[in-house]
Amino acid sequence: MQMKVMSRQKLLMTGLFLLVMFVLSGCGQESTGTQANEDAETDAEAADARIVVDSPAIAHYMAIFDVPLVGIPTTDRPLPEEYEGLPEIGIAVKPNIEKIVSLEPDLFIGDKVLAQFSKEQVESKGIETLYLDNSSYDSVFDSILEVGELLGKPEVAEEFIAEQRAEEEQLLAQAEALKGKKVALLMGTAESYQLATKNSYLGSILKKIGVDNVADEVGDTDQEYVTFTKESLVAANPDYILALAHGGDPEQVEASFKDEFASTIWDDTTAKQEDQIHYIDSEQYPVTGSVYNVQILEKIVNLLERGIEDGNEQ
């Protein structure tokens, strides 16, 4: 298999796959039937796999595959019903390593952006880890495929994604008239904000829709968010401004944004003239991806197309 040229990532995935399949298949029991029987045994013994996850997004991924967990994050966000009441491992940015170890997991699956808070400590305890990329619209689907391959259930991932892509296609057809429109997506508060680029999760959705993201006028960057002067943003003259409250009290942040956009400096922008400044928050418009990918796409399309969120006028 030319192992010498296999990348470190492929080696890791191969090792994780063998580990999980070893556990799921009863740790090396002798084969006593056809391949179909072996697959049935693997499915029946899936409850033996001990997997811990560090975020609600990852928990929802696992629910797609009907995989049991032994540990979940401490969170006020909704989790799949089947995982409610399981042992909690603490919040993602401060996991309880002792608790994780006590659950004797075979695999710890986390969000890539949170790896800095757990990877080194978890691996030092001899626990395999896998971190998934949820930073963009398409990376969510890649992560679901990755989990499907790891669990030996790629067909489940493919079916889920096919359904999502079909909905996506309809939404993008609906949004055809938005192509070429200029959008500025601000995150933070009116006193201190940044513009979301195509490298951010919501920015990747704007790119998917086909609008022109004002943040991309700064040139090529690998950053998710960039600073921008007020004067430059006014000069860019966006057709839409989405002011995203992320952090702090959403109502206070929205009030701060509204005070800012009441200033006459914005009067000549198309967004203000056409009443297309929308105030949104990260509860409804998250900054990382999840299984609700297409629903977020739909919300943004509706917001830009008709100024509607969840069926209500803005």
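Trainee: At 1% relative accessibility, what does Y137 count as, buried or exposed?
Mentor: This is a predicted model, in which residues are numbered from 1 along each chain as its sequence is written, local features need pLDDT of at least 70, side-chain atom pairs count only at pLDDT 80 or more, and totals for chains, interfaces and linings use all residues. Side-chain values use heavy atoms, with hydrogens and water left out. Buried means under 20% relative accessible area, exposed over 50%, and partly exposed in between (1.4 Å probe, protein chains only). At 1%, Y137 counts as buried.

Trainee: How do the rings of Y137 and F141 pair, and what is the name for that geometry?
Mentor: The structure holds five aromatic pairs; rings of Phe, Tyr and Trp (its six-membered ring) pair if their centres lie within 6.5 Å, with planes under 30 degrees apart counted as stacked, over 60 as edge-to-face and the rest as tilted. The centres of the Y137 and F141 rings are 5.5 Å apart and the planes stand at 90°, so this pair is edge-to-face.

Trainee: What separates Y137 and F141 in helix α6?
Mentor: Helices (H or I, at least four residues) and strands (E, at least two) are DSSP runs, numbered from the N terminus. F141 is buried, with a relative accessible area of 2%. Y137 and F141 are four residues apart in α6, so what separates them is about one helical turn.

Trainee: Which type of pair do the rings of F261 and Y279 form?
Mentor: Their centres are 6.5 Å apart and the planes meet at 55°, so the pair is tilted. It links distant parts of the chain, with F261 in helix α10 and Y279 in strand β9 (residues 277-281), 18 residues apart. F261 is buried at 4%, whereas Y279 is partly exposed at 22%. The type is therefore tilted.

Trainee: Which residue lies over the face of Y279?
Mentor: Ring pairs link Y279 with F257, F261 and W266 into a cluster. A charge sits over a ring if NZ of Lys or CZ of Arg is within 6 Å of the ring centre and within 35 degrees of the ring normal. At 5.4 Å from the ring centre of Y279, that residue is K258.

Trainee: Which strands stand at the edges of the open sheet of three strands?
Mentor: Two strands pair if DSSP finds at least two bridges between them. The order is β1-β2-β3, with parallel pairing. The edge strands have a single partner each, so one side of each is left without a neighbour in the sheet: they are β1 (51-53) and β3 (128-132).

Trainee: At about what angle does helix α6 run to β3?
Mentor: Axes are lines fitted to C-alpha atoms, for helices over the stretch in contact (heavy atoms within 4.5 Å), and angles run from 0 to 180 degrees between N-to-C directions. Helix α6 (residues 137-151) lies across β1, β2 and β3, and its angle to β3 is about 150°.

Trainee: How far apart are the C-alpha atoms of I127 and E104?
Mentor: I127 lies in the loop between α5 (119-124) and β3, and is buried at 9%. Beyond neighbours within four places in sequence, its contacts are I100, V101, P105, L107, F108 and V122. E104 is 23 residues away along the chain, yet the C-alpha separation is 8.5 Å.

Trainee: In β5, which residue is the bridge partner of G188?
Mentor: Strands β4 (residues 182-188) and β5 (residues 193-196) run antiparallel, joined by three bridges. G188 and G248 are 60 residues apart in sequence and 8.9 Å apart, C-alpha to C-alpha. In β5, the bridge partner of G188 is Y193.
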